[in-house]
Amino acid sequence: MKRRLSWIIGALIILIILSIIILLPLPILFFQDLPFLGLFRRAFFIILMSCLLCLYRIFRGPTAADRAVSIDILGILILGFCAILSIPTGRSWYIDIGIAWALQSFIATIALAKYLEGRNFDD
Amino acid sequence: MIDIIGIVFIAIGLFFDFFGCLGLIRLPDVYNRLQASTKCVTFGTCSIMFGTFLIQGLNATGVKSLLCIIFLILTAPVSAHALARGAHMAGIKLWKGSVCDKYEEDK
């Protein structure tokens, strides 16, 4: 009974997220003419909802390792967001933000893994 | 034509990103979550970057996105492996339905 209830709650959450992605009004920051512009505009909402799911896991996660994994994936999602944002605006420095973010996220994840192992940083 | 191929790559990347984060919510264990969410990296964000490269061509944005793909493919498995090893050494239990534990056998 409890298992069926959790399935229903999960399906409701997925429906709410998909309706937010499909039904919200679109942001206006597009200057170029590209095919399938609607998908580009929906991409922002898809990545925003994925970030919300990651933030839920950071808030809820039972152990410290869950939070470390979520923070890693959050950085990766921001990187994809920067890549998509660089196409319609035509500015190349959004990818620079992505590269810097990836470097910082890699070093932070390695440091968190060392901390989880319980050893010093010098070993 | 090449714009449409790039947009198909970006759509595949968005699909993998969203369902990887859904797996981060749904799965029961740290190791299962890690296994689902590292699909976000290689198939999700690298696919988005490759679509950006195909749309933009060989200008500054495209070459920088290729550089970013190389960096991600080199570093993301390293960090995922370090996280799994750290979580196992911190003593986090596996899910009760797990089949085998090679780290425990090696000790």
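What follows is a short exchange about confidence, helices and contacts.

Modeller: Happy to. This is a predicted model, so local features need pLDDT of at least 70, side-chain atom pairs count only at pLDDT 80 or more, and totals for chains, interfaces and linings use all residues. Residues are numbered from 1 along each chain as its sequence is written, while chains are lettered from A and ligands numbered from 1 in the order in which they are written.

Colleague: How do you know what confidence the predictor has in chain A?

Modeller: From pLDDT, the predictor's confidence in each residue, from 0 to 100. Chain A has a mean of 82, with 85% of its residues at 70 or more. For chain B the mean is 86, and 100% of the residues reach 70 or more. Within chain B, helix α5 (residues 102–106) is lowest at a mean of 76, and α4(B) is highest at 89. The scores for the model are ipTM 0.86 and pTM 0.85.

Colleague: Which residues meet between α3(A) and α4(A)?

Modeller: Contact requires C-beta atoms, placed from the backbone, to lie within 7 Å. Among the residues that meet are G75(A) and L79(A) from α3(A), with G98(A) and W101(A) from α4(A). This contact holds 15 nonpolar, five polar and one charged residues. In that scheme Ala, Val, Leu, Ile, Met, Phe, Trp, Tyr, Cys and Pro are nonpolar, Asp, Glu, Lys and Arg are charged, and the others, Gly among them, are polar.

Colleague: Why are α1(B) and α2(B) called roughly antiparallel?

Modeller: Their axes come within 8 Å and cross at roughly 175 degrees, so α1(B) and α2(B) are roughly antiparallel too. Here G20(B), G23(B) and L24(B) meet R33(B), A36(B) and S37(B).

Colleague: How do you know that the span of α4(B) agrees with its number of residues?

Modeller: The expected span is 1.5 Å times one less than the number of residues. With 30 residues (60–89), α4(B) should span 44 Å, and its end C-alpha atoms are 43 Å apart, which agrees. There is a bend of about 25 degrees at L72(B), taken between axes fitted to the seven residues ending there and the seven starting there.

Colleague: And how many residues make up the contact between chain A and chain B?

Modeller: Chain A gives 43 residues and chain B gives 45. On the chain A side, α3(A) supplies the largest share, 15 residues.

Conventions. Contact = placed C-beta atoms within 7 Å. Helix = DSSP H or I, 4+ residues; strand = E, 2+ residues; numbered from the N terminus. Axes fitted to C-alpha atoms, helices over the stretch in contact; angles between N-to-C directions. Parallel < 35°, antiparallel > 145°, perpendicular 65-115°, else oblique.
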